[in-house]
Amino acid sequence: MTKKTPTPSSAAKTARRGKSRQDRAVTLIPGDGVGPEVTTAATSVIAAAGVNIKWDRQAAGAAAFRRFGTPVPDALIESLRRTRVALKGPLETQVAEGWRSINVYLRRTFDLYANIRPTMSFAGVHTPFRDVNLVVVRENTEDLYSGIEHEIAPGVVESIKVITARASTRIAKFAFEYARQHQRKSIAAIHKANIMKLSDGLFLKCARAVAEKHPEIRYQEQIVDAACMRLVTDPGSFDMLLLENLYGDIVSDLCAGLVGGLGLVPGANYGDKGAIFEAVHGTAPDIAGKGIANPIAMILSSAMMLDYLGHPEAGDKIRAATGAVLRAGRVLTPDVGGKASTSEITDAIIRAMKRG
Ligand code: ATP
C-alpha cells in the first residue's frame, strides 16, 4: 500500500508548488448516487491525515441539473480552472438531453488524458486471487469515445473510432514515466490490431517507439481477448497494462473484480495542467442513500490526490490504515462480505491512522 500516483512533468511542478501551502484549494464534487456518502468519507479521512484542504464544493451531474438546470454549471468549470484539482464522486451518465456523458466532457475539457487505476489484492478481502498488483493505464480522450456517431441510412449506423499518433504517444510516455517513478518492471500494450490494423496498429506503433527509449522496462503486446483470459487465470503475471479508451474501460472493471469489486479500486485522471481523482465505480443507484456504500475506492483516490498535491506521507498513512482495516476484517461493508456502514468503516480507518 505504498504506491505513489504518477505526476506528469508539468503536474509535478504543480505538486511541488502545492507542497508549501497547507490550505490548497481543491474542487469537491460530491456527485450523484452514493457520491455524497463516499466523498464525505474521503474528506473526513483527509482531515484526519492532517492535511488542510480548502474545499470548493461544486454540484455536477444530476444534482446540478436539478438545482441549476444544467449538469455542468459555469461555476463548476470556473472552479476547476482555478483549482486544477478535484475530488469527484460518480456522476449519472444520462442526465440531460444533449449530454452524452458529463465524465467524458470534463476529461476532454481539461484534457485529462491519462486514467490510472492501481489495482491490488488486499489481505482480508476474499477473492480467488491473492497476488494482484497491477496498474491500468487508459487513454482517456479518444477512441470510440470521440462521440462521432451517425445514421448513414435507416438501419445503418456508424460509430467512429479515432486513434491519433499524438494521443497514443503521450499516453505511452505517461505509462513509461509512471513505471520509472514507481519501479514497475513491465508494460503490456493491449490491442486488437489483428482486426483493427490501422487504428490499433497506430496505437501499437506509437507504444513501441516510446518503449524503445525505455529498455529498462519490459514491453510486451497482447491481444485484448487473450489478455482478458490471462487476467482471470494468472493476473499476477501482469504489472502494468496500457490500453486505448474502450478496452481500458472494460478491462479496468474486470481488474476491479479480481480484487473484490468496484468499491475498492481508486482512480485518477491526469493532464499536464491538472487532475481529477475519482473512484472507478459509478453512482451505484441500487444502494444510494442506504449508508452502506464502500468508501474505500474514494478514500484511496483521495490518497492519490494527496500524493499529487505533494503530501505523499499523508497518502501513505491513509493507504496503510485502509490496508490494516481490511486485513483485520472486522469492519467491512456488505460488498466485501461485512455488515458495517460507510461511516463505521470510515471511522475504523481514521482510528487506524491515529494508532499509526
Ligand atoms: P452507473 O450508471 O452510475 O455506472 P451502475 O449501477 O451501472 O451505475 P456502478 O455504480 O459502478 O454501476 O455499480 C455496479 C455495481 O457495483 C452495483 O451493484 C453497485 O451497488 C456496486 N457498487 C458500486 N460501487 C460500490 C461501492 N462503492 N460500494 C458498494 N457497492 C458498489
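Reply:
**The ligand and its contacts**

The side chain of Asp286 places an N or O atom 2.8 Å from an oxygen atom of the ligand. Keep in mind that this is a predicted model. Backbone atoms take part as well. A polar backbone atom of Ala284 sits 2.6 Å from a ligand oxygen. At Asn294, a backbone N or O atom is 2.8 Å from a nitrogen atom of the ligand. On its own, the ligand exposes 610 Å², and the protein buries 64% of that area.

Which residues surround the ligand? Leu262 and Gly263 are two of them. His281, Gly282, Thr283, Ala284, Pro285, Asp286 and Ile287 belong to the shell too. Ala293, Asn294 and Asp335 complete it. Sorted by class, the shell has five nonpolar residues, five polar ones and two charged ones.

**Charged pairs**

Now to the salt bridges. How many does the structure hold? The count is 14. Side chains of opposite charge can pair when their charged atoms come close.

Start with Lys161. Its side chain meets that of Asp200 in a salt bridge, with N to O at 2.7 Å. The two partners come from distant parts of the chain, 39 residues apart. Lys161 is in the loop between strand S7 (156-159) and helix H6 (165-181), while Asp200 belongs to helix H7 (residues 199-212). Are these residues buried or exposed? Lys161 and Asp200 are both buried.

Lys161 has another partner, Glu244. Here the closest N and O atoms are 2.8 Å apart. Like Lys161, Glu244 is buried.

Next, Asp225 and Lys192. Their side chains form a salt bridge at 3.1 Å, N to O. Asp225 is in helix H8 (residues 224-233) and Lys192 in the loop between strand S8 (186-191) and H7, so their pairing ties together parts 33 residues apart in sequence. Lys192 has a relative accessible area of 19%. Buried means under 20%, so Lys192 is buried. Through shared partners, salt bridges also join Asp143, Lys161, Asp200 and Glu244 into one network.

Finally, the strands. S12 covers residues 275-278, and both of its faces are covered. Ala275 and Phe277 are on one side, Ile276 and Glu278 on the other, and all of them are buried.

Which strand pairs with S12 in the parallel sense? That is S3 (residues 85-88), through four bridges. Within this pairing, Val85 has Ala275 as its bridge partner.

S11 (residues 268-270) runs antiparallel to S12, and three bridges join the two. Ala268 is bridged to Phe277 of S12. S11 and S12 make a hairpin, with four residues between the strands.

Notes
Residues numbered from 1 in each chain as written. Predicted model: local features only at pLDDT ≥ 70, side-chain atom pairs only at ≥ 80, totals over all residues. Heavy atoms only, no water. Salt bridge = Lys/Arg side-chain N within 4 Å of Asp/Glu carboxyl O. Buried < 20%, exposed > 50% of the residue type's maximum accessible area, 1.4 Å probe, protein only. Near = heavy atom within 4 Å. Polar contact = N/O pair within 3.5 Å; in protein donor to acceptor, adjacent residues only side chain to side chain. Areas by Shrake-Rupley, 256 points an atom, 1.4 Å probe, with all protein chains shown as cover. Nonpolar A, V, L, I, M, F, W, Y, C, P; charged D, E, K, R; others polar. Pairing = 2+ DSSP bridges.
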